[in-house]
Amino acid sequence: MADDLFKALADPTRRLILDELAERDGQTLFEICTRLITKHGLGSTRQAISQHLAVLEAADLVRTRRQGRYKFHDLNTAPLELIVTRWLKPRTPEDTP
């Protein structure tokens, strides 16, 4: 799972998608594409963004739910705890200046 996580975070477009979902969770593919174009000038196709979302889903950073004929994408930050806890050491009073 860690390999999927690092692969997902390695791409700048995928990081922008995560930024957009962090700002406004529960977006459709169309909404994500619109925000990437208007805010970042990113001219990727819906198919390309859909493929990026699939990589993020494989890493469990994005969860997709279906309501009727629409699919909504939600940010899941739980896998990022693996990164944080791996290298984060407990703070002790001696660490603070």
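## A first look at the fold and helix H4

From the N terminus on, the protein chain runs through its elements in the order α-α-α-α-β-β-α. That gives 5 helices and 2 strands in the protein chain. Please keep in mind that this is a predicted model. Below are some overall figures, followed by a closer look at one helix.

**The chain as a whole**

- The protein chain has 97 residues, and buried residues make up 30% of them.
- Its accessible surface comes to about 6600 Å², and carbon and sulfur atoms account for 54% of that area.
- Among contacts with a separation of 6 or more in the protein chain, 51% link residues 24 or more positions apart.

**Helix H4: length**

- Helix H4 covers residues 46-58, which makes 13 residues.
- At 1.5 Å a residue H4 should span 18 Å, and because its end C-alpha atoms are 18 Å apart, the model agrees with that expectation.

- Which residues of H4 are buried? They are Ile49, His52, Leu53 and Leu56.
- Viewed down the axis of H4, these buried residues fall within an arc of 100°, so they line one face of the helix.
- On the face of H4 turned away from its buried side sit the exposed residues Gln47 and Ala58.

**After helix H4**

- Asp60 follows H4 and has a positive phi, near 65°.

How values were computed. Residues are numbered from 1 along each chain as its sequence is written. This is a predicted model: local features need pLDDT of at least 70, side-chain atom pairs count only at pLDDT 80 or more; totals for chains, interfaces and linings use all residues. Side-chain values use heavy atoms; hydrogens and water are left out. Helices (H or I, at least four residues) and strands (E, at least two) are DSSP runs, numbered from the N terminus. Buried means under 20% relative accessible area, exposed over 50%, partly exposed in between (1.4 Å probe, protein chains only). Contact means heavy atoms within 4.5 Å. Accessible areas come from the Shrake-Rupley method with a 1.4 Å probe; for residues, only the protein chains shown count as cover. The expected span of a helix is 1.5 Å times one less than its number of residues. The arc is that of the directions from the helix axis to the C-beta atoms.
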